[in-house]
Amino acid sequence: MRIVDIIEKKRDNIELTKEEIDFLLDECQKGNVPDYQLSAFLMATYFNDMTDKELVEFTKKMRDSGDIISFDKINKFLVDKHSTGGVGDKVTIVLAPIIAALGMATAKLSGKGLGHTGGTIDKFESIENFRFSETKEQLMNIANKTGIGLMGYSDKIVPLDKKIYSLRDVSATVPSIPLIASSIMSKKLAITSNIIILDVKVGDGAFMKDLNHAKELAKRMITIGKGAGRKTNVVLSNMDEPLGRNIGNANEVIEGIEALKGNIMPDLKEVVYTIASLALKAKGEIEDIKKGWPLIDNVIKSGLALKKLQEFIIESGGNGDLVNDYTLLPQAKHKLQVKADKSGYVKRIKTEEIGKAAMVIGAGRATKESIIDHAVGLKVIKKVADKVEKGEVICEIEYNDDKFVEDSKALILDAYVITDEKVENPKTILEIIE
């Protein structure tokens, strides 16, 4: 068997066998496939796609290239929620304690933010002395105590993904749906769970810019999950405006805590409640996801969900008092109000520009080596469909260093599209695919 023959088959759109896929990826992992050949295979895949059978086998082989983490000592229904990345996406901060309060548990890997999107690890690391689990034993211990199990990605989990992605990045094949699906799902399948719930963001601030491509990605990931024997649901959610009000790290932790006290923005609530209800449905506790909403309300009103977050913070080395004392979190020294330059209605918010406006003041990373300032961020005052008067505050910049604050302000003003016509409230959940 030769690599060139496999490339030729994929070029000619002939389905590859399991043996051919195994050979390709085994040789790739051994370092026996030159970059130019692997790039040729990726480009052939970009143009000719993969059959469902190819995609399942390719993803399972990717999964098996590294460690498989099983949580056999966690005696709870395990939920692995994954977001494809967005602006103001603090869903995990709110969702994980709710899942725990409902008698289930999260067991997931979380990432750091890059570019205009934020990462869950960065948000929790704004808490002084907070340390994520570094081993599965630590994760299982904390998850058994609190129902919340989060840890960072390891190079030992799906190492092939890192190698393949680095070539996708320089061979113009990043947007390939099967390659995106296999990259995400290989890492999800490497972690034991009862259900995978994928929050696929759609819109200006997301990787998937339009609904049709997002639907295609969702269906391919569900196909992979089914082929690997793992129940998989997908929520397509709107990222044509930031989620909630706050963008940053410490300020998103605060918004998450406030949500668990019942002070939750409607868009954030809809995403969190939908995902939690899908988990309840998968567990068999409800038949209709709307039946889950009152159950979630109960664990918030009782204070149990907030208590679960507090326990998780304490078990992870942080000060649990911060749920009632936000001064224990990093505070920005300065605040700049950005005011509307015309009256009307907010038609849209260019979410990627808002994400960049937060990044340039230090809330995100321009490169993997960038150092984050956990204190800084933005507060979105006016959302899509809101009425605004000229000179009214539409956004606030919380910053420490004034070096790039004017750049941030300019990005925000450019991001807000204000029109004379009244605008309808946008849908948050675009579709649910089970």
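Which residue in S2 is the bridge partner of Val79? The legends below take up this question in the first view.

**View 1. Strands S1 and S2 of the predicted model, joined by bridges.** Strand S1 (residues 78-83) and strand S2 (residues 105-110) run parallel and are joined by 2 bridges, and the bridge partner of Val79 in S2 is Thr106. Strands here are DSSP runs of E with at least two residues, helices are runs of H or I with at least four, and both are numbered from the N terminus. This is a predicted model, in which local features need pLDDT of at least 70, side-chain atom pairs count only at pLDDT 80 or more, and totals for chains, interfaces and linings use all residues. Residues are numbered from 1 along each chain as its sequence is written, and side-chain values use heavy atoms, with hydrogens and water left out.

**View 2. The open sheet of 6 strands.** The strands follow the order S3-S2-S1-S4-S5-S13 with mixed pairing, where two strands pair if DSSP finds at least two bridges between them. Strand S3 (148-152) and strand S13 (429-433) stand at the edges with a single partner strand each, so one side of each has no neighbour in the sheet.

**View 3. The surroundings of Ile412 in the largest nonpolar core.** This core has 87 residues, and Ile412 is among those with the most contacts inside it. A nonpolar core is a set of buried (under 20% relative accessible area, 1.4 Å probe, protein chains only) Ala, Val, Leu, Ile, Met, Phe, Trp, Tyr and Cys residues joined through side-chain atoms within 4.5 Å. Not counting residues up to four places away in sequence, Ile412 touches Val338, Ile354, Ala357, Leu378, Cys395 and Ile397, contact meaning heavy atoms within 4.5 Å.

Terms used:
Buried means under 20% relative accessible area, exposed over 50%, partly exposed in between (1.4 Å probe, protein chains only).
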